[in-house]
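The following questions and answers examine the structure shown below. Please consult the sequence and the coordinates alongside each answer.

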Amino acid sequence: MDLCMTGIDFVHAPLEKREAVSLVRGQVQALLPRIAAREDVAGCVLLATCNRTELYLHAAEGAAPDPLAVLAEAAEFDGAAYRAYSVTRTGEDVVRHLMHVAAGMESQIFGDDQIVSQVKGAAALAREAGTADGVLDTLFRRAVTAGKRVRTETRLTGVPASAAEVGARRAAQFFGSLAGRRAVVIGNGEMGRLAAATLRAQGCAVTVTLRSYHHGETVVPAGCDTWPYDTRCEVLDGADLAVSATTSPHFTLTAAQVAAMRQPPRLLLDLAMPRDIEQAVAGDGRVTLLNLDDLGDLGDPNTEARAVAQRILGEEAQAFYEWYGYRQALPVIAAIKDTAIDRLHFDHAYAGLYEDGDLDGLAELAVNKTVDLLLGGMKGMVNAQRLESCLAHMRKGSGR
């Protein structure tokens, strides 16, 4: 199986290492064609989230690319320096890993509800870029199906299922209660909206900063106020809590801005990757800064639910293996058809018995339909290696 991948994630790399190779949507769109243009790559998909950057490759026939080196060259970072902070997988290990990732079983927040959408989004970007070949497209579709099944057929954990929810829980622990607290959320993307809605549900008065507002288009969680992003420091001064969750390449809050505040928020939660808040802010004794890695290992998986999830992932992986095995066998199936047709010898003296006289054409049609029906019903058992021995026996019998 010519699949390989490399991953730089929260398990193997500290935040500052992940941050240096984190990718936003526009960067992924730019990198995919560059990677796919390589002679040793048949297809590629890039999965980039807050806690992982992973490149999945389907190698060209006979090639064995080093996925970390491929990613490093395309994204222009020192691959050798990241060897110790990455994991490279090949073959069936790639399939198992992606299935587990899509189900949230490899997430910092065990059972993460957002990851299946991120896996689906990564595949969609690759399709748009024309870099997801048939193998990777099918693999990612199966992984998304696996993730959705795990979410609907079992509940892995009773803890909050997103970084935004966990951040709100940590904030409640910090203050004792969020009821009546004033919170400012910087960023109105998916994570920002989820954070705002969660804080609002826990009794906070929430203000969301916006770079622009378009009536009927900009979605703000119910019950939340809005404030212009450019004057965010004004609304932050005097707030109890600030959450930043944007994809901005620049800091949304600097140490100088915090130092200039009369009463900065006592708790700052940075849920972004790359980080939104300048780390020097932590030196201000009036505030406490928590980043993604400070949220810790957030999961208490139920053993029974985990077992059910593993069964589901195994079923979806097996379905992919069967599809892949049949796909690999297609050239051999074509050869079997040709060999079977060659073994049919008609005495053309009897051709006149058939009105159109095209016995050869009928024979070819019959052979093709018979082989398709026979092997189509055996897809779970068909693979190229097994069919090769069948083909060899047929050829031996025909003297070829």
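Q: How are α4 and α5 oriented to each other?
A: This is a predicted model, in which local features need pLDDT of at least 70, side-chain atom pairs count only at pLDDT 80 or more, and totals for chains, interfaces and linings use all residues. Residues are numbered from 1 along each chain as its sequence is written, and side-chain values use heavy atoms, with hydrogens and water left out. The axes of α4 (residues 92–102) and α5 (residues 115–129) come within 8 Å and cross at roughly 125 degrees. Angles under 35 degrees count as roughly parallel, over 145 as roughly antiparallel, 65 to 115 as roughly perpendicular and the rest as oblique, and α4 and α5 are therefore oblique.

Q: Which residues of α5 make the contact with α4?
A: Contact means heavy atoms within 4.5 Å. By class, the contact of α4 with α5 has six nonpolar, no polar and no charged residues; Ala, Val, Leu, Ile, Met, Phe, Trp, Tyr, Cys and Pro count as nonpolar, Asp, Glu, Lys and Arg as charged, and the others, Gly among them, as polar. From α4 come Leu98, Val101 and Ala102, and from α5 come Ile115, Val116 and Val119.

Q: How many residues of β2 are buried?
A: Buried means under 20% relative accessible area, exposed over 50%, and partly exposed in between (1.4 Å probe, protein chains only). Strand β2 has eight residues and is mostly covered, the buried ones numbering six.

Q: What is the mean pLDDT of the protein chain?
A: The pLDDT is the predictor's confidence in each residue, from 0 to 100. Over residues 346–350 the pLDDT is below 50. In the protein chain, 77% of residues reach 70 or more, and the mean is 84.

How values were computed:
Helices (H or I, at least four residues) and strands (E, at least two) are DSSP runs, numbered from the N terminus. Axes are lines fitted to C-alpha atoms, for helices over the stretch in contact, and angles run from 0 to 180 degrees between N-to-C directions.
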